Amino acid sequence: MIGTVYKPIQGITLVCGDVRNFDAVDIQAPAVITDPPYKLTQGGKRKGHFSGGKMANYDNNGRPVTCDITWTEVMRVVDTLAAKQSDIFVMASAANENVFKAHAAAKAQGLRYHNNFQWDKGTPTRNRWGMRHLEDILYLYKGKAVKLRNCGQKQLIDIPRCKESQHPTPKPVDLMRLLITLVTSPGDLVVDPFMGGGSCAVAAVLEGRDFMGFELEPEHFDEACERVQAAIIDMAFKQRVAV
Ligand SMILES: C[S@@+](CC[C@H](N)C(=O)[O-])C[C@H]1O[C@@H](n2cnc3c(N)ncnc32)[C@H](O)[C@@H]1O
């Protein structure tokens with residue numbers, strides 16, 4: 001194992017460490033759902049800009065810092081963790097052409113493409129070439145193409161931004177719940193190699209899925225553990241009330 005491990009209940013495992021160092025021999029996930037770190041702008045000297053081929057990550061105060069992971073590495077990690085028969089969602093915005101780079105890296109890795117969903121974040125990010133309010137969600141797969149649990153799902157997903165996390169770029173739990181229920185059944189394993197503050201982990205708990213997640217930064221990992229623990233307690237309480 002590569003770092004601190006938190007296993008609050010059977011089927012839920014959170015790991016603190018660099019997912020690239022993890023030997024995924026025993027993991028064959030039917031679903032990998034993730035929101036990896038990526039470079040936000042073309043470069044330059046101003047705050048929030050990066051030069052060279054680095055990708056964006058965030059320190060504990062929400063300031064962007066560089067990290068060295070590439071789209072090729074992201075897709076290699078995803079491929080390693082995903083079972084031979086699996087569905088995959090990878091999030092990437094159009095900023096700095098990330099969604100196109102992600103798609104190219106996925107194809108180069110041998111992952112297959114179904115569709116693009118888009119999360120409408122609501123409040124747009126100011127941009128000289130058009131305000132940005134959409135984030136793409138690449139819908140990929142391995143093995144046979146298996147239809148969605150809800151084939152009526154439209155591409156555009158309108159869910160308000162997340163307020164319940166300290167992470168600088170959290171995804172709403174409701175968005176992660178929707179993605180999980182589109183491609184898995186209760187008891188299936190969902191893996192998030194870049195789980196941040198744990199929105200996907202919380203969603204998996206609330207939907208009764210097994211979960212394995214990885215996070216490099218101890219502060220984000222600690223938050224993910226706390227949120228997962230709270231979700232488990234909440235679920236147990238609701239089940240007792242319902243009996
Ligand atoms: C975009 S954020 C994910 C946010 C998450 N979806 C949430 O709702 O909180 C990407 C995360 O990947 C983590 N990360 C970056 N490189 C990593 C690596 N090599 N292994 C594991 N985690 C990594 C970053 O620390 C960051 O928290």
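Me: How many bridges join strand β7 to β9?
Reply: This is a predicted model, where local features need pLDDT of at least 70, side-chain atom pairs count only at pLDDT 80 or more, and totals for chains, interfaces and linings use all residues. Residues are numbered from 1 along each chain as its sequence is written, and side-chain values use heavy atoms, leaving out hydrogens and water. Strands are DSSP runs of E, at least two residues, and helices are runs of H or I, at least four, numbered from the N terminus. β7 (residues 112–125) and β9 run parallel, and the bridges joining them number three.

Me: Which are the edge strands of the open sheet of nine strands?
Reply: The order is β1-β2-β11-β10-β3-β6-β8-β7-β9, with mixed pairing. Two strands pair if DSSP finds at least two bridges between them. Pairing on one side only marks β1 (5–6) and β9 (156–158).

Me: At roughly what angle do the axes of α1 and α2 cross?
Reply: Axes are lines fitted to C-alpha atoms, for helices over the stretch in contact (heavy atoms within 4.5 Å). Angles run from 0 to 180 degrees between N-to-C directions. The axes of α1 and α2 (residues 98–108) come within 9 Å and cross at roughly 50°.

Me: Which residues of α1 and α2 make the contact?
Reply: Both helices contribute. From α2 come N98, K101, A102, A105 and A106; from α1 come W71, T72 and M75.
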